[in-house]
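Please keep the sequence and the structure in view while reading.

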Amino acid sequence: MSHYYRLVVSCPDRRGIVARVSGFIAGHGGSITEASQHSDLEAGRFFMRYEILADSIGMTAAELKEAFEPVAREFDMDWALRDTRRRPRVVIMASRESHCLVDLLYRWTAGELEGDIVGVISNHDDMRSMVEWHGLPYHHVPVGDDKSAAFDEVERHVEALEADSVVLARYMQILPPRICRRYAGRVINIHHSFLPSFAGARPYHQAHSRGVKLIGATCHYVTEELDAGPIIEQDIHRVSHCHTPQDLVRFGRDVEKAVLARGLRWHLEDRVLIHGNKTVVFA
């Protein structure tokens, strides 16, 4: 694989940003292989993502960061630069439903994800053998009456695994606010798109009894407000009166795993820029 430096920028919108950044890269001999920009006219905010061929620029990532700092200050940028040789570390959390976990494990082993799954945490022991078959550590952390102690243990595992990102692959517990704050912008969740209309147990059965014509799923970042974080990706599947509740569950699982995989892939590729409770996705 080619070696890239990936630059992502968010800053107040003004003239000359693209010219200044592109000129800086060109002035150091850099070759831009992919460029994406967006101006949010309502918010007055500018967003940018560049992929730079690392071998063309003749600097380490640390040296490039230091050289770019004056440009970032000039335009009051929130920015990050990542060396793609450093693969992000991903921890997956799951409960008893396996479809999202199985799909991500397959995509990881097939080389579809620009990152490495380094462990799985679950409040049930059901999927241990499958996860360990993939050569990954499986941490069973039951969540009982003392939820604080359980999530202290979860947090210790996430820290020990040196996770850059955490994926809730149908993890059916609510993360405490302290974890949401500590890992802000780094925890991804998937849920059915019926929320809040069909909250609680058996949402697909609720939707069937209401006669819905569309079902779907939403991939989003986790915040302290339940299922209300910035949305990364969504998709739908059309249904009709001919379909049973079991059909809706099956369709829903297909949509959930596809949407979660796309959202995670874009996150790992630095294609998602968060602004407030919205995202810019350079997919």
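This is a predicted model: local features need pLDDT of at least 70, side-chain atom pairs count only at pLDDT 80 or more; totals for chains, interfaces and linings use all residues.

A residue is called exposed when its relative accessible area is over 50%, buried when that area is under 20%, and partly exposed in between.

**Positive phi angles**

- Asp 76 has a phi angle near 55°, a positive value in a residue that is not glycine, and its place is the loop that runs between α3 (61-74) and β4 (78-83).
- Because its relative accessible area of 54% is over the 50% limit, Asp 76 counts as exposed.
- Asp 227 likewise has a positive phi near 55° without being a glycine, and it sits in the loop between β10 (214-221) and β11.
- With a relative accessible area of 28%, Asp 227 is partly exposed.

**Aromatic pairs**

- Two aromatic pairs are found when the whole structure is searched.
- One of them joins Phe 24 and Phe 68 in an edge-to-face arrangement, with 5.3 Å from centre to centre and 65° between the planes.
- This pair links distant parts of the chain, since Phe 24 belongs to helix α1 (residues 17-27) and Phe 68 to helix α3, 44 residues apart.
- Trp 79 is partly exposed at 23% relative accessibility, and the ring pairs link Phe 24, Phe 68 and Trp 79 into a cluster.

**Salt bridges**

- Side chains of opposite charge can pair when their charged atoms come close.
- A search of the whole structure gives 31 salt bridges, including one in which the side chains of Arg 253 and Glu 97 meet at 3.8 Å, N to O.
- That pair spans distant parts of the chain, with Arg 253 in helix α9 (residues 245-268) and Glu 97 in the loop between β5 (89-94) and α4 (99-109), 156 residues apart.
- Arg 253 is partly exposed, with a relative accessible area of 38%, and Glu 97 is partly exposed as well, with a value of 29%.
- Arg 107 and Asp 103 form a salt bridge at 2.6 Å, N to O, and both lie in helix α4, four residues apart, which is about one turn of the helix.
- Asp 103 counts as buried, at 12% relative accessibility.
- The side chains of Glu 269 and Arg 271 meet in a salt bridge at 2.7 Å, N to O, and both of these residues are buried.
- Glu 269 and Arg 271 also belong to a network of salt bridges, in which Arg 6, Glu 34, Arg 49, Glu 51, Arg 82, Glu 114 and Asp 270 are linked with them.

**Glu 233 and its surroundings**

- Glu 233 is placed in strand β11 (residues 231-238) and is buried, with a relative accessible area of 15%.
- Its side chain makes a polar contact of 2.8 Å with the side chain of Arg 262.
- Apart from neighbours within four places in sequence, Glu 233 is in contact with Ala 217, Thr 218, Cys 219, Val 259, Arg 262 and Trp 266.

Terms used
Residues are numbered from 1 along each chain as its sequence is written. Side-chain values use heavy atoms; hydrogens and water are left out. Helices (H or I, at least four residues) and strands (E, at least two) are DSSP runs, numbered from the N terminus. Buried means under 20% relative accessible area, exposed over 50%, partly exposed in between (1.4 Å probe, protein chains only). A polar contact is a pair of N or O atoms within 3.5 Å; within protein, one must be able to donate a hydrogen and the other to accept it, and residues adjacent in sequence count only if both atoms are side-chain atoms. Contact means heavy atoms within 4.5 Å. Rings of Phe, Tyr and Trp (its six-membered ring) pair if their centres lie within 6.5 Å; planes under 30 degrees apart count as stacked, over 60 as edge-to-face and the rest as tilted. A salt bridge is a side-chain nitrogen of Lys or Arg within 4 Å of a carboxyl oxygen of Asp or Glu.
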